[in-house]
Amino acid sequence: MTDFITVADVDAKLGQGWAGAGDAVLAVVMANAWLTAKIKRPLPSPVPDAIVSAGAQVAKLAAAGKLYKDTQREVQSKTVSAQAGTSTSKTYVAGSTDRSTAENFALDLIAPWTRRPGTVLLKRI
């Protein structure tokens, strides 16, 4: 796991007390794990400000217990009939969860680093 942010970085971005009743150190560790899983490219040193801002948002979510959620592994199916011969069916995974505003914002901030480079050179041997 890469250390993209520290507690001091998050304090600088969000101010003291950003963790509320949560554990600030654990929240930063979770944010670094989340960023490590998302970022696919090498980063310049020092870490870009957009990534530090994204990490701060994610750490705040982690401190509130909203970053990693429990999920279920079952598949469910629903069918709705309006009248005879007309129905709509939808199948989805019950464990899917909505993303929060902060998580969507963080994903947009780190978007340039989440995609792999587009050009791949192949050489025939």
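Tutor: Ground rules before we start. This is a predicted model, where local features need pLDDT of at least 70, side-chain atom pairs count only at pLDDT 80 or more, and totals for chains, interfaces and linings use all residues. Residues are numbered from 1 along each chain as its sequence is written, and side-chain values use heavy atoms, with hydrogens and water left out.

Student: What is the mean pLDDT of the chain?

Tutor: pLDDT is the predictor's confidence in each residue, from 0 to 100. The chain averages 82, and 81% of its residues reach 70 or more. Among its elements, α1 has the highest mean, 96, while strand β1 (residues 75-83) has the lowest, 67.

Student: How many helices and strands are there?

Tutor: You get 5 helices and 2 strands, in the order α-α-α-β-β-α-α along the sequence. Both kinds are DSSP runs numbered from the N terminus: helices are H or I with at least four residues, strands are E with at least two.

Student: Why is S53 called buried?

Tutor: Buried means under 20% relative accessible area, exposed over 50%, and partly exposed in between (1.4 Å probe, protein chains only). S53 comes in at 18%, so it counts as buried. This serine sits in helix α3. Leaving aside neighbours within four places in sequence, S53 is in contact with K13 and L109, where contact means heavy atoms within 4.5 Å.

Student: What makes α3 "mostly covered"?

Tutor: Of its 15 residues, 11 are buried; among them are I51, V58 and L61. The cover over those buried residues includes α1 (7-14), α2, α4 and α5 (111-114). Just after α3, G65 takes a positive phi of about 80°.

Student: Which residue caps the N-terminal end of α2?

Tutor: That's D23, with a side-chain oxygen 3.2 Å from the backbone nitrogen of V25.

Student: What joins S45 and P46?

Tutor: A cis peptide bond, with omega at about 5°. P46 lies in the loop between α2 and α3.

Student: Which residues touch the most other members of the largest nonpolar core?

Tutor: A nonpolar core is a set of buried Ala, Val, Leu, Ile, Met, Phe, Trp, Tyr and Cys residues joined through side-chain atoms within 4.5 Å. The largest one here has 26 residues, and I5, W18, W34 and I110 touch the most other members. α2 (24-38), α3 (49-63) and α4 (101-109) each supply at least two residues, with α3 giving the largest share, 9.

Student: What does W34 touch?

Tutor: Not counting residues up to four places away in sequence, W34 touches V58, L67, Y68, E103, A106, L107 and I110.

Technical notes: A polar contact is a pair of N or O atoms within 3.5 Å; within protein, one must be able to donate a hydrogen and the other to accept it, and residues adjacent in sequence count only if both atoms are side-chain atoms.
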